[in-house]
Amino acid sequence: MDAIFLQFLNGLDKGGAYALIALGLTLVFGTLGVVNFAHGALFMLGAFCAVTLRKLLTLEQVVLDTENLTAWGTPSEVRTPYVETWFGDFGAQLVNYSVPLAILLAIPVMLVVGVVMERGLIKHFYRRPHAEQILVTFGLAIVLQEIIKHYFGANPIPQPMPSNLAGAADIGVMLGMDPNVIVYPWWRLVYFAFSVVVIGGVFAFLQFTTFGMVVRAGMADRETVGLIGIDIDKRFTAMFGLAAVVAGVAGVMYTPLLPPDYHLGMDFLVLTFVVVVVGGMGSLPGAVAAGFMLGILQSFASMTEVKAIIPGIDQIIIYLVAVIILLVRPRGLLGRKGVMES
């Protein structure tokens, strides 16, 4: 029972990542009707915002210590990050919390990237077939990942989590069990809570703000909204920027769990598209529900006992579930009637 509960928790943080990326993909498809195969690259760019900020915060001042000599008789070097030299303990805390602080960098950067991408490229493919949209956005994703590879190299770059969140929480004690029965990493719990907050924020924005209500109306009937004098195109551009921000901040917070490299976006892209299709193309609740559901199923499929019965099941479980669901319900779990059913 303890192992099952731990696998459930593992599925929640992985499902949170799937849900966040799928949410952005669905926002773009639901508003603009564009299948954006570059969305995984936005997740990667967010992760490298965290890498960039840490590199800036850890730029070092080198001072020669003449009192401590090396084995060759030369003064030893004392390396201290500039922020610690300038701000003391506060500077040390900035370095320690570089990952969550990178959200402040990722939000404006990803908003600009999203708006430029939509205005500079995506808008020219609104009325093109989905096959052409996939080709051009997939090409853009390759360009972005090669740019990252050029500047940051091909190897993964580990990003440490804040030191006070590096340990594990004794969840068993919280639930009234004996100590050390159910122990789970703090950062994975933080990521799950973060994903819930972001998802809740997006839904609240769409549900309770005037801007969001107009966007939802435009998703349902774009032409009618335009006829009453509302510039729905500008609002949809803003939503593309919002989708990029959601993907970016998801990438930032995931870096301590998986060291980012230039291929990170592609690793998540295919799985996330499966999540979107299973949830229902254009359905925001469906994307979130499918993200968490498939993350949990993948986690359970990775158990040693399960793999002993069906070898390799952890690699195919998401696709197997997708095939079953789409055979029974072609529009997905919560998809609109008629979508993918023709």
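## A first look at this predicted protein

The protein's secondary structure comes to 15 helices and four strands, counted as DSSP runs of at least four residues (H or I) for helices and at least two (E) for strands, numbered from the N terminus. With a radius of gyration of 23 Å, close to the 20 Å from the globule rule for 342 residues, the protein is as compact as a globular protein of that length; the radius is taken over C-alpha atoms, and the rule is 2.2 Å times the number of residues to the power 0.38. This is a predicted model, where local features need pLDDT of at least 70, side-chain atom pairs count only at pLDDT 80 or more, and totals for chains, interfaces and linings use all residues. Residues are numbered from 1 along each chain as its sequence is written, and side-chain values use heavy atoms, leaving out hydrogens and water.

**Overall build**
- The C-alpha trace spans about 80 × 50 × 35 Å along its principal axes.
- Buried residues make up 46% of the 342 (buried: under 20% relative accessible area; exposed: over 50%; partly exposed: in between; 1.4 Å probe, protein chains only).

**Aromatic pairs**
- The structure holds 14 aromatic pairs (ring centres of Phe, Tyr or Trp, the latter by its six-membered ring, within 6.5 Å; planes under 30 degrees apart are stacked, over 60 edge-to-face, the rest tilted).
- Phe43 and Phe268 form a tilted pair, 4.8 Å centre to centre with 45° between the planes.
- Phe43 is buried at 0% relative accessible area, and Phe268 is buried at 7%.
- Ring pairs join Tyr18, Phe43, Tyr191, Phe194, Tyr254 and Phe268 into a cluster.
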